[in-house]
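Let us walk through this structure.

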Amino acid sequence: MKTKIIRGGTVVLAQTVSQQDVLIRGEAIAAVGQLGELAADEIIDAGGLLVLPGGVDTHVHFNDAFMGTVSVHDYRTGTIAAAFGGTTSVIDFANQPFGGTLLSTVDMKKEEARGKALIDWNFHPSFTDTSDRTLAEIRACVAAGAPSLKAYMTYRDEGLLVEPPDLKRVLAAVAEAGAMLLVHAEDNDLAEAGIARELAGGRTAPIYHARSKPHLVENKANETAVRLARETGGRLFIVHMTTAEGPELIAKARAAGADVWGETCTHYLIYTEAMLEREDGLKWVCSPPLRTQADVDALWPSLVSGLLSQVTSDDAAYWMEAKRFGKDRFDLIPNGMPGIEPRFHLLYSEGVAKGRLSLPRFVELVATNPAHIYGMRQKGSLLPGKDADIVLFDPTARWTMGQATSHSPCDYHAFEGLEITGRVQKVFSRGDLIVDGDELVAEPGRGRYVHCVLPERLSI
Ligand code: MN
Ligand code: MN
């Protein structure tokens with residue numbers, strides 16, 4: 001097997017930050033330590049660079065048909081953008097076909113990824129019905145290596161809505177099958193009423209998207225989901241939490257013994273709803289909506305305290321042409337923005353470089369925790385035996401993020417003009433160099449399906 005040594009970099013391994021060498025043998029990390037003059041087929045000088053595990057982004061939408069359009073990123077363009085952004089594993093979503101089976105999503109996604117995925121991947125099967133027949137399939141999804149499933153508490157028109165009584169049945173079935181349920185938590189009754197109220201008043205600009213779904217819409221759904229998790233014992237993961245009250249609810253739920261976890265996304269840590277008041281505000285319409293500075297200021301400390309366990313991109317890129325469906329009506333704007341490539345850089349620059357996160361905590365939030373929570377057992381850290389998914393990162397580089405530096409085909413950038421500290425230099429996936437500076441040096445199609453196995457208990 002071919003060997004490589006990454007020599008003399010600053011290695012982040014759990015809570016330790018120190019100068020070490022990393023030996024790669026074949027696809028895996030073979031050793032981390034002072035390897036001296038040990039010979040290898042290839043020596044890579046990492047002097048002055050950070051040596052980090054590749055990012056794990058468990059919340060991305062590829063080929064997602066939604067709100068009258070389909071997301072820009074597929075397995076080729078999405079995973080290429082991910083890799084340039086320091087991410088070496090992704091977990092996508094797949095809606096159960098209407099009238100079809102939950103398990104059919106496994107073959108569907110494998111087909112979508114075939115010949116296209118540059119990096120390793122998995123997906124979350126998402127419910128479009130909660131019949132007993134569908135719930136009986138959860139076990140088969142777990143056996144197929146897709147043990148994290150998703151339910152939407154809103155989006156009736158998209159055929160995704162799961163109402164609370166059904167959500168309880170789903171959580172009970174998830175508990176029994178040893179799976180985990182992700183929820184998109186927005187109270188549907190409040191959301192529908194809020195949208196109708198704004199439209200009836202002639203308030204149709206993008207900012208009214210935020211007004212139509214204020215904090216209460218999310219907080220109430222969070223409370224419902226947490227209550228049902230407590231009643232059933234099901235493991236609950238609340239995606240894209242945006243409000244200051246969200247992490248407090250997680251603290252209370254855990255104190256009461258519930259198996260409840262949560263994340264936030266990069267855009268909620270950087271932007272407020274003020275973006276929606278811009279002339280091009282429709283670019284930042286997403287759900288839940290961007291919030292206030294007070295929320296942003298509460299989310300950062302909850303990443304440090306551990307109430308929130310990870311930061312994802314919720315990459316849901318739509319062409320400007322599609323975003324403009326709703327230029328005169330906020331409720332017709334496809335919800336979401338591109339973010340898969342910016343995530344790792346943003347969290348380092350806004351988190352570590354600005355003193356909000358320690359370097360080890362950054363690594364936990366961007367790689368180690370998502371790999372652990374979702375059962376990508378061979379990913380997320382530089383421990384010997386893990387896959388050699390490694391990022392060499394220059395912590396001092398300064399550059400401007402935007403379309404000019406993007407590797408996504410999307411025709412707008414959600415973080416245009418942001419000044420960034422730190423830059424990915426090289427990316428390895430299972431020992432292969434896939435990104436070298438600004439060059440893609442591997443062929444899409446090499447990425448593999450990761451068979452995920454959830455940890456019996458989550459303790460992070
Ligand atoms: Mn969502
Ligand atoms: Mn999403």
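**The cavity lining**

Six nonpolar, six polar and two charged residues line the largest cavity. (Nonpolar covers Ala, Val, Leu, Ile, Met, Phe, Trp, Tyr, Cys and Pro; charged covers Asp, Glu, Lys and Arg; polar covers the others, Gly among them.) The lining has 14 residues, of which Pro338, Pro342, Ser406, Ser408 and His413 lie nearest the cavity centre. A cavity here is a set of points, on a 1 Å grid over the protein atoms alone, where a 1.4 Å probe fits but cannot get out; lining residues have an atom within 4 Å of a point.

This is a predicted model: local features need pLDDT of at least 70, side-chain atom pairs count only at pLDDT 80 or more, and totals for chains, interfaces and linings use all residues. Residues are numbered from 1 along each chain as its sequence is written, chains are lettered from A and ligands numbered from 1 in the order in which they are written, and side-chain values use heavy atoms, with hydrogens and water left out.

The largest cavity has a volume of about 90 Å³, the space filled by probe spheres set on the points, which are joined across faces, edges and corners. Domain 1 (3-53 + 386-440) and domain 2 (55-373) each give at least three residues to its lining. Those bounds come from an automatic or database domain assignment.

Now the metal. Donors are N, O and S atoms within 2.8 Å of the metal (3.2 Å for Na, K and Ca); water is not among the atoms, so sites may look incomplete. The manganese ion (ligand 1) lies 3.5 Å from the manganese ion (ligand 2).

Key:
On a 1 Å grid over the protein atoms alone, a cavity is a set of points where a 1.4 Å probe fits but cannot get out, and a pocket is an open set with protein on both sides within 12 Å along at least five of seven lines; lining residues have an atom within 4 Å of a point.
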